[in-house]
Amino acid sequence: RPQQSQSHSQSQPFSTSTNNTADNPSTMTPHQRQEALTQCLLSQYRFCAGGVVLGGGYSIARAKNVRVGPWPMLGGGFAGTLGDFIYGYFVEC
């Protein structure tokens with residue numbers, strides 16, 4: 001039993017110290033807040049990847065009838081990037 005409680009105390013991944021300003025946005029300087037928001041926004045990629053995949057699928061599906069080129073993939077990637085920034089700014093970050 002002592003081994004169980006010892007492993008439980010070691011498995012807590014978060015620090016409980018109050019010295020870390022990244023955990024408390026109210027104690028961050030404006031520069032630190034800006035950097036944290038930038039890092040969070042730039043880590044978003046889901047919608048961009050999904051847009052490129054959907055655009056690629058559309059290009060392949062339409063290749064029998066019309067030569068579409070890379071434009072559906074580029075358009076999907078651009079729309080997905082905008083979606084990532086909007087979703088990241090209002091929901092994730």
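How many helices and how many strands does the protein chain have? The protein chain has four helices and zero strands, where helices (H or I, at least four residues) and strands (E, at least two) are DSSP runs numbered from the N terminus. This is a predicted model, in which local features need pLDDT of at least 70, side-chain atom pairs count only at pLDDT 80 or more, and totals for chains, interfaces and linings use all residues. Residues are numbered from 1 along each chain as its sequence is written, and side-chain values use heavy atoms, with hydrogens and water left out.

Of the 93 residues, 14% count as buried; buried means under 20% relative accessible area, exposed over 50%, and partly exposed in between (1.4 Å probe, protein chains only).

I turn now to the aromatic pairs. Rings of Phe, Tyr and Trp (its six-membered ring) pair if their centres lie within 6.5 Å; planes under 30 degrees apart count as stacked, over 60 as edge-to-face and the rest as tilted. By this rule there are two aromatic pairs. The ring centres of Phe47 and Tyr87 lie 5.5 Å apart with planes at 90 degrees, so this pair is edge-to-face. It links distant parts of the chain, 40 residues apart: Phe47 belongs to helix 3 (residues 46–62) and Tyr87 to helix 4. Phe47 is partly exposed at 42% relative accessible area, as is Tyr87 at 31%. Tyr89 and Phe90 are also edge-to-face, because their ring centres are 5.2 Å apart and their planes stand at 90 degrees. Tyr89 is partly exposed at 47%, whereas Phe90 is exposed at 65%.
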